[in-house]
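Trainee: I have a model open and want to learn how to read it. Where do we start?
Mentor: Let us take one feature at a time.

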Amino acid sequence: MITPAGAECVYYYEDFARGARRQLCRVPKDSRSDSWGASDCLRCPVPGILAANASRRLDIRVRFRRGRFGVGRRAEAEVWCTEHGPVISDPHVGCPECNAEADRLLREALE
Ligand code: SF4
Ligand SMILES: [Zn+2]
């Protein structure tokens, strides 16, 4: 579904039919996360990560919170590979081990 920020996000749901006014973010949240508001979609990295990385092994957890000194608002995503653990490098690139595996399979298929 398209978020209020205009991005496609599989975790977003809204229902404005027949007077309803329901907006939900279903992404798994960090236990320390502030509660979600629709404006959080503006700063959320999740749609970009999902658009850049189609791996089915990615688990994402998001923490919404105020910035330093209570100023601003952030959405921080932690990303894991269900097979290889935390994705410490850029989550847009995905799990390095899965990428290496995919490269190897492609090379073998082309031989
Ligand atoms: S906050 Fe992020 S994960 Fe949640 S619906 Fe908006 S874009 Fe998707
Ligand atoms: Zn992996």
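Trainee: Which strands form a hairpin with F69 in the turn?
Mentor: This is a predicted model. Strand 3 and strand 4 form that hairpin, and six residues lie between them. F69 sits in the turn with a positive phi of about 55°.

Trainee: Where is the place of R18?
Mentor: In the loop between strand 1 (12-15) and strand 2 (22-25). Those two strands form a hairpin as well, with six residues between them and R18 in the turn.

Trainee: Is R18 buried or exposed?
Mentor: Count C-beta atoms within 10 Å; 12 or fewer means exposed. R18 has 5 others in that range, so it is exposed.

Trainee: How many bridges join strand 1 to strand 2, and in which sense do they run?
Mentor: Four bridges, and the strands run antiparallel. One pair to look at is E14, which stands opposite Q23 in strand 2.

Trainee: What about L24 in that strand?
Mentor: L24 belongs to strand 2. It has 13 C-beta neighbours inside 10 Å, so it counts as partly exposed. Now compare sequence with space. L24 and Y11 are 13 residues apart in sequence, and their C-alpha atoms are 8.0 Å apart.

Trainee: What joins strand 4 to strand 5?
Mentor: A hairpin, through three residues. Two bridges link strand 4 (residues 73-81) to strand 5, and the two run antiparallel. C81 has G85 of strand 5 as its bridge partner.

Trainee: In what order do the three strands form the open sheet?
Mentor: The order is 3-4-5, with antiparallel pairing. Next, look for the edges. Strand 3 (58-66) and strand 5 (85-86) stand there, each with a single partner strand, so one side of each has no neighbour in the sheet.

Trainee: Which residues does K29 touch, leaving out those up to four places away in sequence?
Mentor: R61, V62 and R63. K29 itself lies in the loop between strand 2 and helix 1 (46-52). K29 and I60 are 31 residues apart in sequence, yet 8.4 Å apart in space, C-alpha to C-alpha. K29 has 15 C-beta neighbours inside 10 Å, so it counts as partly exposed.

Trainee: What share of the contacts with a separation of 6 or more comes from residues 24 or more positions apart?
Mentor: In this protein, 52%.

Trainee: How many of the residues of helix 2 are buried?
Mentor: Zero of the 15, so helix 2 lies largely in the open. Over the protein, buried residues make up 15% of the 111.

Trainee: How do the elements run from the N terminus on?
Mentor: As β-β-α-β-β-β-α. That comes to two helices and five strands. Now the overall form. The radius of gyration is 17 Å, well over the 13 Å that the globule rule gives for 111 residues, so the protein is more spread out than a compact globule. The C-alpha trace spans about 60 × 40 × 20 Å along its principal axes.

Trainee: Which residues come nearest to ligand 1?
Mentor: C9, Y12, C25, C41 and C44, out of 13 residues around ligand 1.

Key. Residues are numbered from 1 along each chain as its sequence is written. Chains are lettered from A and ligands numbered from 1 in the order in which they are written. This is a predicted model: local features need pLDDT of at least 70, side-chain atom pairs count only at pLDDT 80 or more; totals for chains, interfaces and linings use all residues. A residue is buried if 20 or more other C-beta atoms lie within 10 Å of its own, exposed if 12 or fewer, and partly exposed in between; C-beta atoms are placed from the backbone. Two strands pair if DSSP finds at least two bridges between them. A residue is near a molecule or strand if its C-beta atom, placed from the backbone, lies within 6 Å of it. The radius of gyration is taken over C-alpha atoms; the globule rule is 2.2 Å times the number of residues to the power 0.38. Two residues are in contact if their C-beta atoms, placed from the backbone, lie within 7 Å.
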